[in-house]
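Welcome! Here are a few exercises to work through with the model open beside you. Try each task before you read its solution.

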Amino acid sequence: MPDPDVLIVGAGPSGAVAAKRLAEEGFAVTVLEQGDWPDYGKARPEAADFDITATRDWAWDPNARAGKADYPIDDSESDITALMWNGVGGGTIVYAAQWQRNMPSDFRVRSLDGIADDWPLTYEELEPYYVRVEKDFGISGVANDTAFPPGEGPPLPAVPLGPAGRKVARAHNELGWHWWPAPNAIATRAYGALSPCVQRGVCLKACKDRAKGTVDITHWPVAQDAGVELITKATVREVTTNAEGLATGVVYLDDEGAEHALRAGVVILAANGIGTPRLLLMSGAPDGLANSSGLVGKRLMMHPFGTVVGLFEDELESWQGPWGQWLHSLEFYETDESRGFVRGAKWGLQPTGAPLSMTTSYPWGAENPIWGPGFHEGFAKRFGRSAMWGIIAEDLPEESNRVVLGDGTDRHGIRGAKIVYEMSENSTRLMHFHEERAAESLRAAGAYETVIAPQIRATGWHLLGTAKMGTDPATSVVDAWGRTHDVPNLFVFDGSVWPTSAGMNPTATIAAMSLRMTEALIASRREQAVAA
Amino acid sequence: MTVVLFDAEARAKLAALADALIPAGNGMPSASEAGVAGEWLDAILTADPGFAGPLAAVLEHADVADPEGALRKIETTDPGGWGALTTVVAGAYFLNPEIARRVGYPGRRAIPIDADAEPDWAQDGLLQSVKARGPVYRPTP
């Protein structure tokens, strides 16, 4: 079999977008994925014991999951633990499907707020790619949200607001605060390979109804039909290079541990904000590959996450619904320095879950114990009569927050990762402000009581910034097209390249960026250097 | 996998702790009355045998002569054990279909979105005031 033109490491959203597009243009593409296809036989939301089995079968923390595809992540020096799904579909398998474009200011943080860095592209440059990936992922929403420049919206109508969403929408109208029907990667109609959502409220634990826009459904079958070779249970150990400084391919281990060297013209890393720097750091002695800037692994951003719950008198049936989000608010997203911090956060209104979720310390807080004589009364207040704002806080890039190689090893003896991450003073102030405003929102909507959830560690869904994009090789790892400055045929297409984190769920922008970078690679195919 | 058996003594200990967590009240039965230490414990352990080891460790060291005191000690000194105990007790309680019925939980039903109905976000002019306020973003400089 001839060597592929392009080899992609990772079968999550960025790899899927790239592989599908490259195959459409006739490239020979091989993809190596350390995990396997999701087993939807384990997604049984109709089963009474699903809340017990799902915590195990669809666990987000790779350390807790400790599956065959997982590598250990030492988080002993991190305020937040890293969450991911290592398998075909990547993070989309367990994401909430909250599909948020970044706002124009997210690309111009330095210019507008005097901090961090501008991106080497603008919202307007990325906007056509948002429109296209929204069609591919089957996004639902409503066009012309006033928090974004006007333009083409997603292909499907938004999910219902539901009774809780309507309360909050009316309250925001009275407060004069922004809200909009939520954009979600949740099909509200039959669309391509997707089926319409039936609102079981289990998006975060895999969607067996095939309503969630996950790339194992929306992209990989199409890519494979177009000729992409997707090899699962293939763990990449290193990117190989030649004397000319070009990537020659990778070395990977198969399920049985047998070693394979695979050559390719171009190598694209799409292994997420921890997996990608881990692989780069393992690949070139002594400081890692593509690391002349010294920035590989640095500037890790994970979005501190806040939750505020409102308790209502009315029956809201709040264990059902898309989860997902019913609506979002970007009222306090933009910088207002009078608040004592810069940047902001996005809010998404969500259900609170099934009976077992009413008893947990998150989001209810250890200071609000339900156990003992007040159990039944407390349960009745919470169950079916509550809704919560999820708050995605922008964290600023700091070189001290980083990914390095860990001392632990995976099942093949390959080193894991270690993350060092401290929540900044700016993030702490930002979170406190937003939590108070979110509580105000819920009270205005009729909540007779609000609960600000404790900050917990297990919120690192968004892994960003560890192979920074920029125009200066001294201060960035990749250029505006994802090409590493040091190795001309080695690319990074995942969230590692983000110069700043925005305060949005990142998959929309990860996907749009991947499509944009892929098409730049296609356009430059004749000039692309490859190893002999 | 090591099979952990819960004998009568262990189940009695669990019942004592579980009733301190979920006592009878408001017309609802206590945890043990709902079978938390009986068939619904078995159901939980069938669903996820991984709870057996941590639960057995908690029960082994618990002094249930003072259930409330034992719970305070577990919560403050053994977060992992506390998590396993409370998940098993609450999980088993709500697995009992009679309990689920009485709290009004019918399970996660399939509720199709009515494609022919006017979306609720389009009703009552809800979005008009948002639109009337105009853009809330800072444009690209």
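**Exercise 1.** Which residues in helix 2 of chain A are buried?

Solution. Before starting, note that this is a predicted model, in which local features need pLDDT of at least 70, side-chain atom pairs count only at pLDDT 80 or more, and totals for chains, interfaces and linings use all residues. Residues are numbered from 1 along each chain as its sequence is written, while chains are lettered from A and ligands numbered from 1 in the order in which they are written.

Step 1: recall the terms. A residue is buried if 20 or more other C-beta atoms, placed from the backbone, lie within 10 Å of its own. Helices (H or I, at least four residues) and strands (E, at least two) are DSSP runs, numbered from the N terminus.

Step 2: go through the helix. A:Phe50, A:Asp51, A:Ile52 and A:Ala54 are buried there.

Step 3: look for their partners. These buried residues of helix 2 of chain A pack against helix 2 (39–47) and helix 5 (79–95) of chain B.

**Exercise 2.** Describe where the two chains meet.

Solution. Step 1: use the rule that two residues are in contact if their C-beta atoms, placed from the backbone, lie within 7 Å. Chain A gives 61 residues and chain B gives 44 residues.

Step 1: sort the side of chain A that touches chain B by class. It has 34 nonpolar residues (Ala, Val, Leu, Ile, Met, Phe, Trp, Tyr, Cys and Pro), eleven charged ones (Asp, Glu, Lys and Arg) and 16 polar ones (the others, Gly among them).

**Exercise 3.** How many helices and strands does chain A have, and what percentage of its residues is buried?

Solution. Step 1: count 13 helices and 17 strands in chain A.

Step 1: buried residues make up 61% of the 532 residues in chain A.

Note on methods: A residue is buried if 20 or more other C-beta atoms lie within 10 Å of its own, exposed if 12 or fewer, and partly exposed in between; C-beta atoms are placed from the backbone.
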